[in-house]
Amino acid sequence: MSGIGTGYDLSATTYSPDGKVFQTDYAQKAVDNSSTALGIKCKDGIVLAVEKLVVSKLLVERSSRRIHNVDRHAGICVAGLLPDGRMVVNRAAEEASNYKSFYGEPIPGRVLCERLASYMHLFNLYWSMRPYGTAGLLATYDEDGPALYLVEPSGVAHKYHGTAVGKARQAVKNELEKMKLGQLTCREAVVEAAKILHKVHEEDGKPFEIEMSWICDDSGRVHQRVPAEVLAEAEAAAKAAMEESDMED
Amino acid sequence: MDLGPCVSTEATGKSQAPHTGTTIVAVSFDGGVVLGADGRVSTGTYISNRASNKIQQLTDNVFLLRSGSAADTQAIGDYVRYFAEQLACELGAPPSVATVAKLVSTMNYQNKEMLMGAMIVAGYDEQQGGQVYGCPIGGTLVREQWAVDGSGSTYIWAALDDAFKEGMTRKEAEALVVDALSLAMARDASSGGIIRTVTLDKTGAHVRYIGGSDVPTWFEDLPAPNAAAAGMAVG
């Protein structure tokens, strides 16, 4: 990849003349090329959803996880380089566990987010390490209610009503902006998320799976996979919506 | 020749380190907690401080009652205040009473070989209102409706069993704490002097000082000497 960053992109400790750290930008590209993941903050919880391309018929269905538990009240969906994502999730789990052990209460969502963002930022500072090529959609439910955060490879983290990462993130965000997110329940959001993912899935003919998790009042404020029946209903509704729109064309 | 209080203990067999032989009490009421302590610090039979403050503030809304080794409990209080302040910066909000109590009990547990601190943590927060936590020697942490500790506490367990009621008013709880402390101070040689109380509710911390002559007296107690009268008698 010669061209734009030539010469200034060889290490995370070099700025370009226009103030960029190219290694960080390249890490972000790894996330942008990943399959699409989205998160929605509803009035009663958070829904995380991700499109998983099935690369081989030999893979056991629904086996490779993109969404992981961090603690009972927190979960992360990773996008980008998946092994990097595993390390980030492990770190988050460690932070949550240490906090609980030392302070006697579950780690608040905003503290976990800060800790994770700080951690990811660390790898943008030193020559000897590369930035993580992952972004994490962090869903938490604590005393202040449900919260959705996105932590990016640069260490930037924000709190969202709804957001997406990966290939079709712009299309998903356009859909999310049309919705009244604050008024949805998680059950409704599960259906909407399935519809959106089916709609933005570009590679026709390439099979894909949807993995979804939620943390809401219905789940006892515990982060868990969306129950199989609920997900099946949502996918059926999504497929029906796609056929309808095909017929309209 | 009297060599003063800092010499051998073979005769008395008592420990010589300054020791908060104490009575400390904390009681929860409808809307907050009341904490109270006596003021006596003794070194053997010498009262090295007759008006000490055994109530230490840990955060805006959480206080610590100290009994056992004065040095140990002061050190623990200082460490916990430091950790709690750091946590408040990270949280952007005051830590909960439960968390502060956990910090105290953790120090007790991790250093149990070296420490002798029997403490009570009490405070008020938005999440659970008024709370009392016992943090005895060894590192136990247990939430209670009321707690007592210190050498004088042995004389008032039954009194509190009898008198404590859930959902008391602030005035009733304050009166209960003062009564309990004065009962213990009347019987325990290592407790006495003055009473200090702190009441915590959503309006904040309210500190009270009860001088020696205002401490309630009980059956067969001699009335506190009147300072003016004593002066006249000597002069």
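How many bridges join strand β2 (residues 24-29) of chain B to β11(B)? That gets answered in point 2, after some housekeeping.

1. **Ground rules.** This is a predicted model, where local features need pLDDT of at least 70, side-chain atom pairs count only at pLDDT 80 or more, and totals for chains, interfaces and linings use all residues. Residues are numbered from 1 along each chain as its sequence is written, chains are lettered from A and ligands numbered from 1 in the order in which they are written, and side-chain values use heavy atoms, with hydrogens and water left out.

2. **The sheet in chain B.** Four bridges join β2 to β11(B), and the two run antiparallel. Here strands (E, at least two residues) and helices (H or I, at least four residues) are DSSP runs, numbered from the N terminus, and two strands pair if DSSP finds at least two bridges between them. Within this pairing, B:Ala26 sits opposite B:Ala147 of β11(B). Both strands belong to an open sheet of five strands in chain B, ordered β11-β2-β3-β12-β13 with antiparallel pairing. The edges are β11 (146-149) and β13 (204-210), each with a single partner strand, so one side of each has no neighbour in the sheet. On average, neighbouring strands of this sheet are turned by 10° against each other, direction ignored. As background for anyone looking at side chains, those in a regular strand alternate between the two faces of the sheet.

3. **A hairpin, also in chain B.** Strand β4 (residues 41-43) runs antiparallel to strand β5 (residues 46-49) in chain B, joined by three bridges. B:Ser42 has B:Ile47 as its bridge partner in β5(B). Two residues lie between the strands of this hairpin, and B:Gly44 in the turn has a positive phi of about 70°.

4. Most residues other than glycine have a negative phi. A:Arg62 has a positive one, near 55°, and lies in the loop between β2 (45-53) and β3 (67-71) of chain A. A:Arg62 is exposed, at 54% relative accessible area. For the terms, buried means under 20% relative accessible area, exposed over 50%, and partly exposed in between (1.4 Å probe, protein chains only). A:Arg221 also has a positive phi, of about 60°; A:Arg221 is in the loop between β9 (208-216) and β10 (224-225) of chain A and is partly exposed at 44%.

5. **Aromatic pairs.** Rings of Phe, Tyr and Trp (its six-membered ring) pair if their centres lie within 6.5 Å; planes under 30 degrees apart count as stacked, over 60 as edge-to-face and the rest as tilted. By this rule there are ten aromatic pairs over all chains. A:Phe22 and A:Tyr26 have ring centres 6.0 Å apart and planes at 35°, so this pair is tilted. Both are in helix α1 (residues 22-32) of chain A, four residues apart, about one turn of the helix. A:Phe22 is buried at 7% relative accessible area, while A:Tyr26 is partly exposed at 23%.

6. **Aromatics between the chains.** A:Phe102 and B:Phe83 make an edge-to-face pair, 5.7 Å centre to centre with 90° between the planes. A:Phe102 is in helix α2 (residues 82-103) of chain A and B:Phe83 in helix α1 (residues 70-91) of chain B, so the pair joins two chains. A:Phe102 is partly exposed at 30%, and B:Phe83 is partly exposed at 24%.

7. **Two buried aspartates.** B:Asp188 is in the loop between α4 (170-187) and β12 (195-201) of chain B, and is buried at 8% relative accessible area. Leaving aside neighbours within four places in sequence, B:Asp188 is in contact (heavy atoms within 4.5 Å) with B:Thr22, B:Thr23, B:Ser151, B:Gly152 and B:Tyr155. The C-alpha atoms of B:Asp188 and B:Gly21 are separated by 8.7 Å, although the residues are 167 apart along the chain. Over in chain A, A:Asp84 is in helix α2 and is buried at 9%. Not counting residues up to four places away in sequence, A:Asp84 touches A:Arg130, A:Pro131, A:Tyr132, A:Gly133 and A:Thr134.

Technical notes. Axes are lines fitted to C-alpha atoms, for helices over the stretch in contact, and angles run from 0 to 180 degrees between N-to-C directions.
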